[in-house]
Amino acid sequence: MNGRVDYLLTEEEINLTRGPSGLGFNIVGGTDQQYVSNDSGIFVSRIKEDGAAALDGRLQEGDKILSVNGRDLKNLLHQDAVDLFRNAGYAVSLRVQHRLQVQNGPIGPQSEGEPSGIPMTMVLLPVFALTVVAAWAFMRYRQRL
């Protein structure tokens, strides 16, 4: 492992209808309070249970919101972004960037104690079999002496 984490960035347009509790998510970030180093963007910090975003299901915690109703969120103070969301109206269109971690190596469940992703039995079983064969061959050879 080289210690590097790779990410796949995808963008999506998400249309939400404001519910009784608003759009149903909280945000962090802005030029005055960067959430991600070297990025003053606006990010989803929390999805509220049963809110509009949770019911839609596409918006995730950690997503970067690029625009609201076509208005770019670059270089905004946090409070200006909050105000933009509050005044966005009933039907809100979000341009969102999802950041998906790319898995390098086999895909599948990993249990505790298997950091490489290779099941321990896949390593131990052949080693055990070779040990048994070596012991049997040694015993046969020793009897002939």
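User: Which residues is Gly29 in contact with, leaving aside its neighbours within four places in sequence?

Analyst: They are Tyr35, Gly41, Ile42 and His78, where contact means heavy atoms within 4.5 Å. This is a predicted model, in which local features need pLDDT of at least 70, side-chain atom pairs count only at pLDDT 80 or more, and totals for chains, interfaces and linings use all residues. Residues are numbered from 1 along each chain as its sequence is written, and side-chain values use heavy atoms, with hydrogens and water left out.

User: Why is Gly29 called buried?

Analyst: Gly29 has a relative accessible area of 0%. Buried means under 20%, exposed over 50% and partly exposed in between (1.4 Å probe, protein chains only), so Gly29 counts as buried.

User: What makes the pair of Phe25 and Phe85 edge-to-face?

Analyst: The search of the whole structure finds two aromatic pairs. In the pair of Phe25 and Phe85 the centres are 5.6 Å apart, with 90 degrees between the planes. Rings of Phe, Tyr and Trp (its six-membered ring) pair if their centres lie within 6.5 Å; planes under 30 degrees apart count as stacked, over 60 as edge-to-face and the rest as tilted. The angle of 90 degrees therefore makes this pair edge-to-face.

User: How do you know whether Tyr35 and Phe43 are buried or partly exposed?

Analyst: Tyr35, at 49%, is partly exposed, whereas Phe43, at 6%, is buried.
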